[in-house]
Amino acid sequence: MCCLEDGSLASLARKVLKIGDSEKPIDKDSFSWWRERPNSAHLYLKDWYRTQLHWTASEETGSAFSKLSIVDQNKLVIKKTANYFVYAAVVFDFRTVTKVPQVYYNITSFLPVLPHLQPFVLMDTFSWWRERPNSAHLYLKDLYRTQLHWTATEETGSAFSKLSIVDQNKLVIKKTANYFVYAAVVFDFRTVTKVPQVYYNITSFLPVLPHLQPFVLMGKNGGSPFSEKRHTGYLCGISKFYKGHQISVSVNDHSFIDNTPYANFFGIFRL
């Protein structure tokens with residue numbers, strides 16, 4: 001529906017039935033072709049109860065319907081094995097809060113004849129992202145003295161690592177190749193009157209050559225009396241890494257890092 005100009009079911013009906021805007025009005029009968037499709041359903045949210053959303057196939061326009069059984073007002077039961085197109089839309093309104101909280105929503109499937117299996121997240125939109133070999137995408141977990149600690153575990157499923165993580169802050173390359181590496185760090189200087197200078201970089205180190213110091217792949221200075229009180233520092237580039245290379249992110253002053261979930265990230269993937 002989102003691909004139509006006005007996004008309405010009425011517009012869809014007019015297009016399918018070839019009804020002009022000035023011709024007969026759209027009513028329930030206009031949606032008969034929509035409701036009569038076998039093995040299909042279109043529901044609207046009725047209410048929510050604790051952790052469940054309750055859906056209904058009854059409403060005034062005639063666009064809601066179900067040719068499938070509905071269990072507990074929140075599960076559609078498939079009656080014929082086939083390929084299906086499944087969809088859902090949820091609207092969120094955060095205008096009543098000062099800070100937008102994290103939300104997570106999904107579409108799951110469950111087969112009662114296999115009760116030992118947990119409900120499967122059907123719409124896992126990040127599966128392609130996580131399955132890339134020789135790659136990683138981490139989020140900042142905490143700050144420890146001079147080290148940033150990163151994590152590959154969080155609720156949305158966007159964080160992952162196909163590489164080993166040493167000391168919670170170094171990604172270890174396991175195959176010699178060209179890589180794209182990136183990192184973002186958010187700084188918040190609203191607690192001070194004058195924005196100080198900060199320096200952040202991405203470095204590489206090869207343990208088989210311990211006499212060599214960590215090499216700065218890319219770095220950036222930021223901060224001045226004219227700087228914004230809140231900004232994001234982003235670094236990225238392409239480099240050839242050898243097996244065993246350790247890649248890390250450093251910031252000279254952790255006191256101004258905004259540790260809001262998902263704000264700071266560090267990742268790499270093989271080209």
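Student: Is tyrosine 139 buried or exposed?

Tutor: Keep in mind that this is a predicted model. Buried means under 20% relative accessible area. Tyrosine 139 has a relative accessible area of 11%, so it is buried.

Student: And which class does tyrosine 262 fall into?

Tutor: Tyrosine 262 comes out at 26% relative accessible area, which makes it partly exposed.

Student: What kind of aromatic pair do tyrosine 139 and tyrosine 262 form?

Tutor: Look at the angle between the ring planes: over 60 degrees counts as edge-to-face. Here the planes stand at 90°, with 4.9 Å from centre to centre, and the pair is edge-to-face.

Student: Where do the two tyrosines sit along the chain?

Tutor: Tyrosine 139 belongs to strand E9 (residues 135–144), while tyrosine 262 is in the loop between E18 and strand E19 (265–270), so the pair ties together parts that are 123 residues apart in sequence.

Student: How many aromatic pairs does a search of the whole structure find?

Tutor: There are 16 aromatic pairs. Take phenylalanine 92 and tyrosine 105: their ring centres are 5.3 Å apart and their planes meet at 40°, so this pair is tilted. Phenylalanine 92 and tyrosine 105 are both in the loop between strand E6 (75–77) and strand E7 (108–109), 13 residues apart. Phenylalanine 92 is partly exposed at 35% relative accessible area, whereas tyrosine 105, at 56%, is exposed.

Student: Which residues do ring pairs link into a cluster?

Tutor: That cluster is made of Phe180, Tyr182, Phe265 and Phe269.

Student: Which ring does the charged end of arginine 37 sit over?

Tutor: Find tryptophan 34: the charged end of arginine 37 is over its ring, 4.1 Å from the centre. Then try arginine 132, which lies over the face of tryptophan 129, at 4.1 Å from the ring centre.

Student: Let's turn to pockets. How much space lies in the second largest pocket?

Tutor: The general idea is that rolling a probe the size of a water molecule over the atoms shows where empty space is left. In this structure, the second largest pocket holds about 170 Å³ of space. It is lined by 14 residues, and the closest to its centre are Asn169, Lys170, Thr203, Ser248 and Ser250.

Student: Which strands each supply at least two residues of that lining?

Tutor: They are strand E10 (147–151), strand E15 (198–205) and strand E18 (246–251). E18 gives the largest share of the lining, four residues.

Student: What is the lining of the second largest pocket like by class?

Tutor: Eight of its residues are polar, five are nonpolar and one is charged.

How values were computed:
Residues are numbered from 1 along each chain as its sequence is written. This is a predicted model: local features need pLDDT of at least 70, side-chain atom pairs count only at pLDDT 80 or more; totals for chains, interfaces and linings use all residues. Side-chain values use heavy atoms; hydrogens and water are left out. On a 1 Å grid over the protein atoms alone, a cavity is a set of points where a 1.4 Å probe fits but cannot get out, and a pocket is an open set with protein on both sides within 12 Å along at least five of seven lines; lining residues have an atom within 4 Å of a point. Grid points are joined across faces, edges and corners, and a volume is the space filled by probe spheres set on the points. Ala, Val, Leu, Ile, Met, Phe, Trp, Tyr, Cys and Pro count as nonpolar, Asp, Glu, Lys and Arg as charged, and the others, Gly among them, as polar. Rings of Phe, Tyr and Trp (its six-membered ring) pair if their centres lie within 6.5 Å; planes under 30 degrees apart count as stacked, over 60 as edge-to-face and the rest as tilted. Buried means under 20% relative accessible area, exposed over 50%, partly exposed in between (1.4 Å probe, protein chains only). A charge sits over a ring if NZ of Lys or CZ of Arg is within 6 Å of the ring centre and within 35 degrees of the ring normal.
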